[in-house]
Amino acid sequence: MPIPVRRTRFMTWRSLATAAVAALMAAFLAPVAAHGAPRESAPVYSYENAIRESVWVDTGLDGDSDGKNDRVAVDIVRPRELARQGRKIPVIMDASPYYSCCGRGNESQKKTYDANGHVVQMPLFYDNYFVPRGYAFVGVDLAGTNRSDGCVDVGGRSDIQSAKAVVDWLNGRAKGYTTRTGAATARAGWTNGRTGMIGKSWDGTIANGVAATGVKGLKTIVPISAISSWYDYYFAKGAPLYDSGPDWLSDYVDSPDARTKCAAAQRKLVDEAPRTGDWTSLWTERDYVKDAGKVKASVFLVHGMQDLNVRTKNFGQWWDALSKHGVERKIWLSQTGHVDPFDFRRAAWVDTLHRWFDHELLGYDNGIDHEPMADIERHPDQWATSAVWPPRTTSTTTLRPGTGAQPGVGILGLHGRSGTETFTDDPRLSETDWAAHIDRPTPDKAGFATGPLTHDLRLSGSSKVTVTATPTTSTAHLSAVLVDLGPDTIRDYAGSGEGIATLTDRTCWGASTAGDSSCYKVAEAARTDVGYTVLSRGWADLGNHASDQGVPLTPGTAYTITLDLAATDHVVPKGHRLALIVAGTDKDLIDPPSTTPTLTLDLSRTSARVPLVGGAEAFSRATAGSTAAPATSVLDGVRDPRTTRVPGESR
């Protein structure tokens, strides 16, 4: 959608403010006398001699009900030279539940400590790279994990307060202590309070949640493959995406201490997150989208368009809400699954992140705010940019399915048609089976496709598919997928690396010590040749047709429901076809219903609203003169996609 005028005013104000801050920071933070405002922080401070310390911050909560406020462990690495000079510096922070249980990054690094309890190895490259450049790096153990008190509540108040309290402490508004249980206090007098949060998956989710509180001092967040609403991690309009709920995830990351104290918190995660998919107050607490209006921080968002762990509805709805409220934004969209940009575009990522933090935290006028808003991977390692995202000419266009010469093999166009199509849910099959047989009648799906396009057609944003269906049983799950039908070479997002292959060679990003190397294994694109590409997906329980509370269906009654499809940016090239498939259970991506329904679609009341660059005019142009007969062979695609129920466990 177009960026509102409010953002233009916001950017103008920020440019003026940035210039003023840059001049001030040049005087106080530049390592040498600056001639004019600096444009880039340089690695002039010692990483080996950096101060390494631990502080426990009072969250103000007693999640483990032991009669004492919970304290969360905060491990800090910061330049010793600047501390000696009394210079106040900004902070880059990653708050995570994974520092001891599971590890971070492609090599699953964990925190390690010396005999005094000070951090030796901080996972990932952030501290190695940014501490020599005049930043402090802070790694926070979420409540209930590693060395922190409290209980993991999977995106709820305790999770978010774990990190928000640290931002408050960095800005002089919360209490910190030198030990987990002692009374000696610790102040953050070494920082100016300007904080940027970063992290992938659960870590990035915490950044979203803290930003949604509007906390002062949080200047920017960089959420990578992050959740914006925990309901949408576990359900899609009542259809369960996993065979477990947040209680399983909490138990997965709990520290041994938390497991002995957190039975009540665990019970709440069971009782208030029913497997029916009904919306409850638990999900309201974990919905950050509704609070996007409170966000004061800028947002640099990164997501894989084939992420089937944190599915891309999460970034799409967050992005749209931030746009509505005029938040400064930047976005990278890759062809990968749940993969960190350090592993799919390493050199460009480090450079861009460096300039982003220099601009947002040091106030350097380096021009990054005038660069294109979006970087989008079109083919493996081939990137395009958009000045704004979605492009200003993007318009929601309604496409309608129609019957064809064979049952279940229909057409897709701008004009409404009557007729019906029928399919029977087969939980053994997935989107790959449906797309492979798009041109053949099969009993498990209804497919509708354009003819071969005469011009490229670009989809940019989130789609919706409205379905009117009559079931034969009291329960039914629905899937809708958009497919690019045509040969291509793409990242193998369904492979074990979700689009990357990890090699043995290493590259180094920052300074190293004996206990913390900055050198990481190189990753390259894992490619595969396909005959089709699924570009967007959505699911629903038909029992949620009227509200967010599911009800039994009456067999023989028609119901209308709208499925929210995942956000994407994809160009269907000239010569390819665009297809819509409607079916039942998408194997391994949603769980099946308790019955095996046959569903009849009313095509006159079924449609897809698709964000097309150029709108209906572009669709008409791309489909004009398309007369070639569709292919009849079975199409090759990726292997059946698999998901993990731990945000962050896969790449």
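Biologist: About the S-S bond of Cys508 and Cys519, is the disulfide left-handed or right-handed?

Modeller: In this predicted model, the torsion about that S-S bond is about 100°, so the disulfide of Cys508 and Cys519 is right-handed. The pair links distant parts of the chain, with Cys508 in strand E24 (residues 500-508) and Cys519 in strand E25 (residues 519-525), eleven residues apart. The sulfur atoms lie 1.9 Å from each other.

Biologist: What is a disulfide in general, and how many disulfides does the count give here?

Modeller: A disulfide is a covalent bond between the sulfur atoms of two cysteines. The count here is three. With bonded cysteines numbered along the chain, the pattern reads 1-2, 3-4, 5-6.

Biologist: Which parts of the chain does the pair of Cys151 and Cys262 link?

Modeller: The sulfur atoms of Cys151 and Cys262 are 2.0 Å apart. Cys151 sits in the loop between strand E6 (136-141) and helix H4 (157-170), and Cys262 in the loop between helix H8 (256-261) and helix H9 (263-271); 111 residues separate them. The torsion is about -90°, so this disulfide is left-handed.

Biologist: What can be said of Cys101 and Cys102?

Modeller: Cys101 and Cys102 form a disulfide with sulfur atoms 2.1 Å apart, and the link is left-handed, at -90°. Cys101 is partly exposed at 28%, and Cys102 is partly exposed at 21%.

Conventions. Residues are numbered from 1 along each chain as its sequence is written. This is a predicted model: local features need pLDDT of at least 70, side-chain atom pairs count only at pLDDT 80 or more; totals for chains, interfaces and linings use all residues. Side-chain values use heavy atoms; hydrogens and water are left out. A disulfide is a pair of cysteine sulfur atoms within 2.5 Å. Buried means under 20% relative accessible area, exposed over 50%, partly exposed in between (1.4 Å probe, protein chains only). Helices (H or I, at least four residues) and strands (E, at least two) are DSSP runs, numbered from the N terminus.
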